[in-house]
Amino acid sequence: MSTDVGAGRRPVARKVVRFGFLLIALGFGGWAVASQWDGVVAGLAALSPPMLAGSLAGVVAALLGAMLTWRTLLADLGSPLPFRPAAKVFFVGQLGKYIPGAVWPVLAQMEMGRDLGVPRTRSATAFFLMMPIQLATGLLVTAVTLGWDRFGWLLLLVPVLLVLLEPKVVNGLIGFGLRKLRREPLERPLTRRGMLTALGWAVAGWACYGVHLYFLIPRADLVFAVGAFALTWCLGILTFVVPAGAGVREVAMVAVLSPMLDRGSAIAVALCSRVIIVIGDLICAGLAGLAARRGGV
């Protein structure tokens, strides 16, 4: 009898925890917008509705590329998920990046993935592989788009990252880590095909983020916008202790945009970019949640 009661309480407790996580994440996301509101208003005043719509569409497409990168890795590790539940786990879990501390997105994805039959170790592996994949492709995109003369030195880092992304190396590192943690080894190792597909989705995501920034800077060309965003994002991800790279990405973006914009305009663009990305995260999480609910997930 007591066992049945305890079993009945666990799903309720999980729902309460998830609802609390969502409220906290939304609260920090709202704070990220409100704390920069004056600069955002100034930047938005210079943009037309079509420009804002185009920028937001670019963000949503880029976030979709990130989700497909993660979904590809998860499938390659042995847990293929249909599109709707994968989108729900990824996008809702990603709201945790607005909470101080770097662990909340992966904890959320591990918890939601478990309900879909995804082992926690597999969810964590896919999550942590995202960072080097996006960093390697971001540095490569930066060097190609912003010029070899200025950022060619970044290519020195790319071979190191690509070696670390070689499936044999990744599988060895994961196996070593799991043994140290006294966990079961991965049932299915990463393949080269899966890794290359994930890298392809990551590059597509950078192109879409470039479209997002391009609509905010009428004087820029698309190639420059792609490289500028990739560079600022890479600098932001290296400071992962800050929620979603808050502040670091904006400072870097102002510096990158300084040759073509005055400081005030560059700050306005950086703040608008931040807010549009927050809105994109919320839209993707909301739509994914609704689609999954309609699909009975």
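Visitor: Which helix gives the most to the lining of the largest cavity?
Guide: H13 does, with four residues. A cavity here is a set of 1 Å grid points, over the protein atoms alone, where a 1.4 Å probe fits but cannot get out; lining residues have an atom within 4 Å of a point. Keep in mind that this is a predicted model: local features need pLDDT of at least 70, side-chain atom pairs need 80 or more, and totals for chains, interfaces and linings use all residues. Numbering starts from 1 along each chain as its sequence is written, and side-chain values use heavy atoms, without hydrogens or water.

Visitor: Which residues line the largest cavity?
Guide: Arg249, Glu250, Met253, Ala270, Ser273, Arg274 and Ile277. Two elements give two or more residues each: helix H12 (248-257) and helix H13 (263-294).

Visitor: How does that lining divide into nonpolar, polar and charged?
Guide: Three are nonpolar, one is polar and three are charged. Ala, Val, Leu, Ile, Met, Phe, Trp, Tyr, Cys and Pro count as nonpolar, Asp, Glu, Lys and Arg as charged, the others as polar.

Visitor: How much space lies in the largest cavity?
Guide: About 40 Å³. That volume is the space filled by probe spheres set on the grid points.

Visitor: New topic. How many helices and strands are there?
Guide: The protein has 13 helices and zero strands. Helices are DSSP runs of H or I, at least four residues; strands are runs of E, at least two.

Visitor: Take H3. How far does helix H3 reach?
Guide: H3 spans residues 49-76, 28 residues in total. From first C-alpha to last, H3 reaches 41 Å, close to the 40 Å expected at 1.5 Å a residue. The expected span is 1.5 Å times one less than the number of residues.

Visitor: What comes just after H3?
Guide: Gly78, with a positive phi of about 115°.

Visitor: And Leu63, buried or exposed?
Guide: Leu63 lies in helix H3. Leu63 counts as buried because its relative accessibility is 5%, and buried means under 20%.

Visitor: What is Leu63 in contact with?
Guide: Beyond its neighbours within four places in sequence, Leu63 contacts Phe90, Phe91, Tyr209, Gly280, Asp281 and Cys284. Contact means heavy atoms within 4.5 Å. Leu63 and Phe91 sit 28 residues apart in sequence, and their C-alpha atoms are 8.3 Å apart.

Visitor: Whole protein now. What percentage is buried?
Guide: Buried residues make up 46% of the 297.

Visitor: What share of contacts joins residues at least 24 apart?
Guide: 71%, among contacts between residues at least 6 apart in sequence.

Definitions and conventions. 1 Å grid on protein atoms, 1.4 Å probe; cavity = no way out; pocket = protein on both sides within 12 Å on 5 of 7 lines; lining within 4 Å. Buried < 20%, exposed > 50% of the residue type's maximum accessible area, 1.4 Å probe, protein only.
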